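Here is a short report on one protein chain.

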Amino acid sequence: KKILKLLTAGEADKNSTKKSPQTMTDEVQKALEKAKKLKDTAKTNEEKIRATEADEKAKAKKRALADSKFQKAHLWEKVPTKEQVVKKIEAWNGKISKMEM
């Protein structure tokens, strides 16, 4: 509803839109690949410990990425039109009413 008010007032540029998570996704993939490579090449106990730590850090990054995507799921990628906002509000109201039953 706040977005609809901003669009009606002509202040569409103040809307917050979600950014592409592609860069963060690439970073997570690289970290996972590096951790897997470290695990495969580890021979000594110290190397195995470092590989396990790297794997845990990569998994933590993956969870953070998923959380970030979830937190920004409601945002648009570009500034929406009034019709799109109205349609989205009606859809959410329908979902909410179904959940209340």
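Among contacts between residues at least 6 apart in sequence, 71% join residues at least 24 apart. This is a predicted model. The protein has four helices and zero strands. Along the sequence the pattern reads α-α-α-α.

Burial and surface come next. Of the 101 residues, 17% count as buried. The protein exposes about 8600 Å². Carbon and sulfur atoms supply 55% of that area.

Now the helix pair. Helix H2 covers residues 22-41, and helix H3 covers residues 45-71. The two pack with their axes 8 Å apart, at an angle of about 160 degrees. An angle over 145 degrees counts as roughly antiparallel, so H2 is roughly antiparallel to H3. H2 passes H3 in a left-handed crossing.

Which residues of H2 and H3 make the contact? The table names them.

| Helix | Residues in the contact |
|---|---|
| H2 | Met24, Thr25, Glu27, Val28, Ala31, Leu32, Ala35, Leu38, Lys39, Thr41 |
| H3 | Glu47, Ala51, Thr52, Ala54, Asp55, Ala58, Lys59, Lys61, Lys62, Ala64, Leu65, Lys69 |

By class, the contact of H2 with H3 has 11 nonpolar, three polar and eight charged residues. On H2, the contact residues include Met24, Val28 and Leu32, along with Glu27 and Lys39. On H3, they include Ala51, Ala58 and Leu65, along with Asp55 and Lys62.

How values were computed
Residues are numbered from 1 along each chain as its sequence is written. This is a predicted model: local features need pLDDT of at least 70, side-chain atom pairs count only at pLDDT 80 or more; totals for chains, interfaces and linings use all residues. Side-chain values use heavy atoms; hydrogens and water are left out. Buried means under 20% relative accessible area, exposed over 50%, partly exposed in between (1.4 Å probe, protein chains only). Contact means heavy atoms within 4.5 Å. Accessible areas come from the Shrake-Rupley method with a 1.4 Å probe; for residues, only the protein chains shown count as cover. Axes are lines fitted to C-alpha atoms, for helices over the stretch in contact, and angles run from 0 to 180 degrees between N-to-C directions. Angles under 35 degrees count as roughly parallel, over 145 as roughly antiparallel, 65 to 115 as roughly perpendicular and the rest as oblique. A crossing is left-handed if the near helix is turned anticlockwise from the far one by less than a right angle, and right-handed if clockwise. Ala, Val, Leu, Ile, Met, Phe, Trp, Tyr, Cys and Pro count as nonpolar, Asp, Glu, Lys and Arg as charged, and the others, Gly among them, as polar.
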